[in-house]
Amino acid sequence: MNYPPDTPGQGSVVLDATKARVAVLNAQGRTFMNPPLENPFLAVEAEVARLKASDNPPQVIFLDFHGETTSEKITMGRLMDGQISAMVGTHTHVQTADEQIFENGTAFLCDGGMCGPVVSILGREPGPIIDRARLSTPQRMPVAGGDVRLCGAVIDVDIATGKAAGIERYSEVVRIEEAGKISGLEQ
């Protein structure tokens, strides 16, 4: 949402789901992120105000805030408390254990975590990453294989109020069988 105007993609979308109109917003933090972008706090505030003033406002507003630091993510969550249904941070690949519902009804999780190979370094085969760190030489970094971990959060929202009623972290290892089939997802 806070990228330059002609950047491909969009920073928010409203979807008509089975039970509600759901707005999904994405903004990127600025701390330790390159390139530095427009102020995400002002961009999110403006977009939420625009959505709420529309002729057919969404009942649920979900913000994916992509940022490096926990402090910037918590600041965004606190700023938007009561204005959005939920905010889950992304970027650091490690799921945090700070899920909560803020005082004014916004569900919050600082980082949803990575969905990807369990035996990896941020989804890549460990060997080349280790060699790059030890030897300071460029390396090809192929995606790792094997079992994967699915991370995220399940958030319950009261459609009448747009406030969060519950949030639960989700993290599960999914076994990849030798034939490349995923086991455990038949349910």
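Reader: Is Glu99 buried, partly exposed or exposed?

Author: A word on the basis: this is a predicted model, in which local features need pLDDT of at least 70 and side-chain atom pairs count only at pLDDT 80 or more, while totals for chains, interfaces and linings use all residues. Residues are numbered from 1 along each chain as its sequence is written, and side-chain values use heavy atoms, with hydrogens and water left out. Buried means under 20% relative accessible area, exposed over 50%, and partly exposed in between, with a 1.4 Å probe and protein chains only. Glu99, with a relative accessible area of 27%, is partly exposed.

Reader: With which side chain does Glu99 meet in a salt bridge?

Author: In general, side chains of opposite charge can pair when their charged atoms come close. The term salt bridge here requires a side-chain nitrogen of Lys or Arg within 4 Å of a carboxyl oxygen of Asp or Glu. Glu99 meets Arg169 in this way, at 2.6 Å from N to O. Glu99 lies in the loop between strand 4 (86–90) and strand 5 (100–101), and Arg169 in strand 9 (residues 163–174), so the pair ties together parts that are 70 residues apart in sequence. Helices (H or I, at least four residues) and strands (E, at least two) are DSSP runs, numbered from the N terminus. Arg169 is partly exposed, at 35% relative accessibility.

Reader: How many salt bridges does the structure hold, and where do Arg50 and Glu47 lie?

Author: The structure holds six salt bridges. An α-helix has 3.6 residues a turn, so residues three or four places apart point the same way. Arg50 and Glu47 both lie in helix 1 (residues 40–53), three residues apart, which is about one turn of the helix, and their side chains form a salt bridge at 2.7 Å, N to O. Arg50 is partly exposed at 48% relative accessibility, whereas Glu47, at 12%, counts as buried.

Reader: Which residues of helix 2 are buried, and what do they pack against?

Author: In helix 2 (residues 70–80) the buried residues are Glu72, Lys73, Met76, Gly77 and Met80. Seen down the axis of helix 2, these residues fall within an arc of 135 degrees, so they line one face of the helix; the arc is that of the directions from the helix axis to the C-beta atoms. They pack against helix 1, strand 3 (60–66), strand 4 and strand 6 (107–109), where contact means heavy atoms within 4.5 Å. Just after helix 2, Gly82 takes a positive phi of about 90 degrees.
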